[in-house]
Amino acid sequence: MTGHRIGTQEEWQAERDALLAQEKELTRRNDELAVKRRALPWVPVEKEYEFDTADGRKTLAELFDGRSQLLVYHFMFGPSYEAGCTVCSSIADTLDPQVVHLRARDATLICSSRAPLEKLLAYRERMGWSFNWASTAGNDFHRDLGLAHTEEELRPFLEGDIPPTVEQMAEASGTDVAGYVSEGPGLSVYALADGTVYRTYVSSARGLEPAMAYYGLLDRTPLGRHEEGEQTHWLRRHDEYDTA
């Protein structure tokens with residue numbers, strides 16, 4: 001780190017002021033995108049889905065829990081997994097404390113996964129989370145959003161060179177590579193109006209980074225994310241880091 005460019009306070013302040021102007025422009029641009037995001041057309045969810053929850057079997061409309069907005073984080077925890085995806089677990093660490101604040105703004109936040117409910121609830125207890133978690137076992141909720149894939153669909157990827165990080169994450173979840181990549185993370189958002197559920201927004205991949213608070217903080221440190229060239233991912237579940 002000591003090899004970095006060194007400057008005076010005056011030089012730093014001048015460059016910081018210039019950067020601040022760009023950061024403010026990015027904030028304004030994000031505000032504009034938020035308006036466009038909210039202006040997207042609503043699509044009625046015509047398919048009937050049912051979910052297993054700690055409070056029994058529920059429909060999609062019942063997952064709103066009396067509110068008009070629903071956010072669903074599609075957590076990678078497939079039927080063959082023994083533990084939730086490490087990256088999704090780091091995201092859930094960020095999501096869990098937000099539930100109460102979102103409820104204050106008429107929005108319910110839950111997670112959904114394709115594993116059986118008993119696996120999800122046992123893992124939730126291990127992680128110390130309290131958000132509601134719905135099992136989609138037996139329905140196509142994730143697949144209809146492009147977040148679940150068959151082994152046949154994945155064959156071109158599986159027959160190629162598997163990145164070490166994928167093998168690492170599969171092993172950490174107690175499944176094989178095929179089982180691991182059959183799942184995909186995502187965020188879908190819904191509105192409930194006059195008894196009809198509408199899908200209003202869906203995001204995946206790097207679109208999920210707002211829920212990964214640690215990246216935003218690391219982006220402001222001297223080393224940044226510092227992931228270039230790493231063959232394995234640095235992320236661990238919060239109870240797996242070596243704190244010695």
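Is Tyr214 buried or exposed? I began my notebook with this residue, and I worked throughout from a predicted model. The relative accessibility of Tyr214 is 17%. Buried means under 20%, so Tyr214 counts as buried.

**Entry 1: aromatic pairs**

I next searched the whole structure for aromatic pairs, and the search returned 21. I looked up two of them in detail.

Trp42 sits in the loop between α1 and β1 (43-44), while Tyr198 belongs to strand β8. These two residues are 156 residues apart, and the pair thus links distant parts of the chain. I also checked the accessibility of Trp42: its relative accessible area is 45%, and Trp42 is therefore partly exposed.

I then returned to Tyr214, which forms an edge-to-face pair with Trp234. Here the centres are 5.8 Å apart and the planes stand at 90°. Tyr214 lies in helix α8 and Trp234 in the segment after α8, so this pair ties together parts that are 20 residues apart in sequence. Trp234 has a relative accessible area of 27% and is partly exposed, whereas Tyr214 is buried.

Ring pairs link Tyr73, Phe75, Phe77, Tyr81, Tyr123, Trp129, Phe131, Trp133 and Tyr180 into it.

**Entry 2: helix α2**

How many of the ten residues of helix α2 are buried? I found eight in this helix, which spans residues 86-95, so α2 is largely enclosed by the rest of the structure. The buried residues are Thr86, Cys88, Ser89, Ser90, Ile91, Ala92, Thr94 and Leu95.

**Entry 3: Ser203**

I looked up Ser203 and placed it in strand β8, which covers residues 196-203. Its relative accessibility is 10%, so Ser203 counts as buried. The side chain of Ser203 reaches the backbone oxygen of Gly207 at 3.4 Å. Leaving aside residues up to four places away in sequence, I found that Ser203 touches Gly186, Leu187 and Leu208.

**Entry 4: pockets**

Rolling a probe the size of a water molecule over the atoms shows where empty space is left.

The largest pocket holds about 930 Å³ of space. Its lining consists of 25 residues, and Arg37, Leu71, Leu187, Val189 and Tyr201 lie nearest its centre. Which elements each supply at least two residues of this lining? I listed α1 (9-38), β4, β5, β7 (186-193) and β8. Strand β7 gives the largest share, five residues. By type, the lining of the largest pocket has 17 nonpolar, six polar and two charged residues.

The second largest pocket has a volume of about 620 Å³. I noted 16 lining residues, of which His4, Arg5, Trp12, Glu15 and Pro222 are the closest to its centre. The lining of the second largest pocket divides into six nonpolar, three polar and seven charged residues.

Note on methods
Residues are numbered from 1 along each chain as its sequence is written. This is a predicted model: local features need pLDDT of at least 70, side-chain atom pairs count only at pLDDT 80 or more; totals for chains, interfaces and linings use all residues. Side-chain values use heavy atoms; hydrogens and water are left out. Buried means under 20% relative accessible area, exposed over 50%, partly exposed in between (1.4 Å probe, protein chains only). Helices (H or I, at least four residues) and strands (E, at least two) are DSSP runs, numbered from the N terminus. A polar contact is a pair of N or O atoms within 3.5 Å; within protein, one must be able to donate a hydrogen and the other to accept it, and residues adjacent in sequence count only if both atoms are side-chain atoms. Contact means heavy atoms within 4.5 Å. On a 1 Å grid over the protein atoms alone, a cavity is a set of points where a 1.4 Å probe fits but cannot get out, and a pocket is an open set with protein on both sides within 12 Å along at least five of seven lines; lining residues have an atom within 4 Å of a point. Grid points are joined across faces, edges and corners, and a volume is the space filled by probe spheres set on the points. Ala, Val, Leu, Ile, Met, Phe, Trp, Tyr, Cys and Pro count as nonpolar, Asp, Glu, Lys and Arg as charged, and the others, Gly among them, as polar. Rings of Phe, Tyr and Trp (its six-membered ring) pair if their centres lie within 6.5 Å; planes under 30 degrees apart count as stacked, over 60 as edge-to-face and the rest as tilted.
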